[in-house]
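This report goes through one protein model and the contacts its side chains make. The sequence and the structure come next.

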Amino acid sequence: MAGETKKRIIETALALFSQSGYLATSMNDIAQQVGLTKAALYKHFSGKQEILDCIIAQMERMDLERAQEYEMPETEPDGFAEAYQHIPAEQIYAYSLAQFRHWTEEEFPARFRRMLTLEQYRDPEMGRLYRDYLAGGPVEYMAAIFRKMADSDAQAMQLALRFYGPMFLLYSVYDESEDRKSVIEALDTHIRTFIEQLEAEKRWRK
């Protein structure tokens with residue numbers, strides 16, 4: 001029962017954080033929305049930071065589960081770059097599309113993304129999380145993947161920007177679109193075109 005209550009608190013808090021912002025949401029706001037007294041809420045969590053820590057831990061678990069589901073190598077980026085060369089293009093395509101759907105269609109990560117977007121300039125820690133999860137982190141990760149296929153670090157970074165830039169832009173397009181299916185289709189086309197071009201470049205290099 002306590003576990004279910006904690007889960008409800010975490011999900012309710014994230015919903016409020018994604019609407020009003022982490023800084024603007026109080027423990028009292030969370031307690032009222034959950035239907036608890038403030039004192040009862042503090043029996044489960046010492047404060048907002050502990051709730052946020054649980055939200056981040058859940059995001060990390062979801063990331064790991066998705067990587068396992070799509071059989072992506074569980075190594076550091078440089079090791080992943082080596083392993084990436086042996087992964088079928090269709091697997092990369094499926095995983096990349098799943099990543100986008102994860103951040104847009106799944107309620108928990110979509111709210112996490114909106115919270116970070118709201119708070120990235122208000123709080124240094126939120127800004128760091130935004131970079132790690134949605135901005136510089138994914139670009140650096142992709143650059144590490146492409147490093148084995150490029151002639152230089154600079155070229156690997158350009159490949160990463162070519163791949164991730166449109167995906168990053170489409171997050172905002174998706175949120176504002178009345179035809180979200182067309183956004184998914186646009187991303188689908190981008191990923192397939194990128195992979196085709198990358199495969200062609202690899203053949204040309206040989």
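This is a predicted model: local features need pLDDT of at least 70, side-chain atom pairs count only at pLDDT 80 or more; totals for chains, interfaces and linings use all residues.

Phe100, Tyr171 and Tyr174 are linked into a cluster by ring pairs. A pair of aromatic rings is described by how far apart the centres are and by the angle between the planes. For Phe112 and Tyr133 the ring centres are 5.1 Å apart and the planes stand at 75°, so the pair is edge-to-face.

Are Phe112 and Tyr133 buried or exposed? Phe112 has a relative accessible area of 0%, and Tyr133 has one of 14%. Buried means under 20%, so Phe112 is buried and Tyr133 is buried as well.

**The chain as a whole**

The protein chain has 11 helices and 0 strands. Read along the sequence, its pattern is α-α-α-α-α-α-α-α-α-α-α. The chain has 206 residues, and 44% of them count as buried.

**One face of a helix**

Which residues of helix H2 (residues 27-34) are buried? They are Met27, Ile30, Ala31 and Val34. An α-helix has 3.6 residues a turn, so residues three or four places apart point the same way. Seen down the axis of H2, the buried residues fall within an arc of 100°, so they line one face of the helix. Gln32 and Gln33 are exposed on the other side of H2. Just after H2 comes Gly35, which takes a positive phi of about 95°.

**Salt bridges**

Side chains of opposite charge can pair when their charged atoms come close. The structure holds 9 salt bridges. The table lists some of them.

| Partners | N to O distance |
|---|---|
| Arg111 and Glu107 | 3.5 Å |
| Glu119 and Arg122 | 3.4 Å |
| Arg192 and Asp188 | 3.5 Å |

Arg111 and Glu107 both lie in helix H7 (residues 107-119), 4 residues apart, which is about one turn of the helix. Glu107 has a relative accessible area of 53% and is therefore exposed. Glu119 is at 0% relative accessibility and so counts as buried.

Arg192 and Asp188 lie in helix H11 (residues 180-205); they are 4 residues apart, so about one helical turn separates them. Arg192 is partly exposed, with a relative accessible area of 32%. Elsewhere, salt bridges that share partners join Glu125, Arg128 and Asp132 into one network.

**Charges over rings**

Arg192, already named for its salt bridge with Asp188, also lies over the face of Tyr93, at 3.8 Å from the ring centre. Lys6 lies over the face of Phe45, at 4.9 Å from the ring centre.

Another residue of helix H11 is Ala186. At 38% relative accessibility, Ala186 counts as partly exposed. Ala186 and Met167 are 19 residues apart in sequence, and their C-alpha atoms are 9.6 Å apart in space.

**The second largest pocket**

How much space lies in the second largest pocket? The volume is about 180 Å³. The lining is made by Ser18, Arg113, Arg114, Thr117, Leu118, Tyr130, Leu134, Phe168, Tyr171, Ser172, Asp175 and Glu176. Tyr171 in this lining is also a member of the ring cluster with Phe100 and Tyr174.

Which elements give two or more residues to the lining of the second largest pocket? They are H7, H8 and helix H10 (153-176). H10 gives the most, with 5 residues.

Key. Residues are numbered from 1 along each chain as its sequence is written. Side-chain values use heavy atoms; hydrogens and water are left out. A salt bridge is a side-chain nitrogen of Lys or Arg within 4 Å of a carboxyl oxygen of Asp or Glu. Buried means under 20% relative accessible area, exposed over 50%, partly exposed in between (1.4 Å probe, protein chains only). The arc is that of the directions from the helix axis to the C-beta atoms. Rings of Phe, Tyr and Trp (its six-membered ring) pair if their centres lie within 6.5 Å; planes under 30 degrees apart count as stacked, over 60 as edge-to-face and the rest as tilted. A charge sits over a ring if NZ of Lys or CZ of Arg is within 6 Å of the ring centre and within 35 degrees of the ring normal. On a 1 Å grid over the protein atoms alone, a cavity is a set of points where a 1.4 Å probe fits but cannot get out, and a pocket is an open set with protein on both sides within 12 Å along at least five of seven lines; lining residues have an atom within 4 Å of a point. Grid points are joined across faces, edges and corners, and a volume is the space filled by probe spheres set on the points.
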